[in-house]
Amino acid sequence: MSTVVRPVIAVTTLLVLAACADGPARPSAQSQLVADTSRYAKLSAADAAMIEVGETAFMNKDAAAAAATVTEDFEWWIIGPDGPKQVVKGRAATEKLIGQFFAASDFESKVYRLGMVGNILVQVEVDTVPQPDGTKKTTTSLELYEFRDGKRWREWRFQPTDSAR
């Protein structure tokens, strides 16, 4: 058999076997994963700077500086087992609320930034807050922050329950 015929027979055999297979591979959870998420996982320098101002003010427990980083019509919502509940609306009300929180609490916060999609920041927060009985309560939540004109406009805190699984 010639050296040209052997490869032709081999390729033809593979094509016939492929045609006889059960059809295309069935989708799986792995088939939807995208290996390169840098488009969303990496923040631009401008986005990082915009976010840093508000988060630094918060960690420094500076209610006025933190409030200055939200829009006049800012809204904060918590979405829990009972559905969405608005926590606060407006810059002045936000400053008052977080000022009371800062005065009453020595909290710890860890942030796992997942990425930015358009003007929406996605991150996981693990917050530990002292309780009146001396214990500490740790809450893990998924946070979505929507920005408008360089300021936080709306915030959604999704708080999963342990019994949801």
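Hi everyone. Let me start with one cut-off: a residue counts as buried when its relative accessible area is under 20%, and as exposed when that value is over 50%, with partly exposed in between. Glu 146 has a relative accessible area of 10%, so Glu 146 is buried. Keep that residue in mind, and keep in mind too that we are looking at a predicted model.

So where does Glu 146 sit? It lies in strand S5. That strand covers residues 136–148, and it pairs with S6 in the antiparallel sense over seven bridges.

If you want a spot to look at, find Trp 76, which stands opposite Glu 155 in S6. A handy thing to remember while you look: in a regular strand, side chains alternate between the two faces of the sheet.

Next, the charged residues. Side chains of opposite charge can pair when their charged atoms come close. How many salt bridges does a search of the whole structure find? The search gives twelve. Let me walk you through a few.

Back to Glu 146, which forms a salt bridge with Arg 154, with the closest N and O atoms 2.7 Å apart. The side chains of these two residues are also joined by a polar contact of 2.7 Å. Is Arg 154 buried or partly exposed? Its relative accessibility is 24%, so Arg 154 counts as partly exposed, while Glu 146 is buried at 10%. Salt bridges that share partners also make a network, in which Glu 55, Arg 113, Arg 152 and Glu 155 are joined.

Another salt bridge connects Asp 73 and Arg 148, and here too the closest N and O atoms are 2.7 Å apart. This pair links distant parts of the chain, since Asp 73 is in strand S1 and Arg 148 is in strand S5, 75 residues apart. Asp 73 has 31% relative accessibility and therefore counts as partly exposed. Arg 148, at 29%, counts as partly exposed as well.

The last one I want to show is Asp 127 with Arg 157, whose side chains meet in a salt bridge at 3.2 Å, N to O. Asp 127 belongs to strand S4, residues 120–130, and Arg 157 to strand S6, so this pair ties together parts that are 30 residues apart in sequence. Both Asp 127 and Arg 157 are buried.

The search of the whole structure finds one cavity of 30 Å³ or more, and the largest cavity has a volume of about 30 Å³. Which residues line the largest cavity? They are Met 50, Ile 51, Gly 54, Thr 69, Phe 147, Gly 150, Lys 151 and Arg 152. Helix H3, residues 45–59, and S6 are the elements that give two or more residues to this lining. H3 gives the most, with three residues. By type, the lining of the largest cavity has three nonpolar, three polar and two charged residues.

Methods. Residues are numbered from 1 along each chain as its sequence is written. This is a predicted model: local features need pLDDT of at least 70, side-chain atom pairs count only at pLDDT 80 or more; totals for chains, interfaces and linings use all residues. Side-chain values use heavy atoms; hydrogens and water are left out. Two strands pair if DSSP finds at least two bridges between them. Helices (H or I, at least four residues) and strands (E, at least two) are DSSP runs, numbered from the N terminus. A salt bridge is a side-chain nitrogen of Lys or Arg within 4 Å of a carboxyl oxygen of Asp or Glu. Buried means under 20% relative accessible area, exposed over 50%, partly exposed in between (1.4 Å probe, protein chains only). On a 1 Å grid over the protein atoms alone, a cavity is a set of points where a 1.4 Å probe fits but cannot get out, and a pocket is an open set with protein on both sides within 12 Å along at least five of seven lines; lining residues have an atom within 4 Å of a point. Grid points are joined across faces, edges and corners, and a volume is the space filled by probe spheres set on the points. Ala, Val, Leu, Ile, Met, Phe, Trp, Tyr, Cys and Pro count as nonpolar, Asp, Glu, Lys and Arg as charged, and the others, Gly among them, as polar. A polar contact is a pair of N or O atoms within 3.5 Å; within protein, one must be able to donate a hydrogen and the other to accept it, and residues adjacent in sequence count only if both atoms are side-chain atoms.
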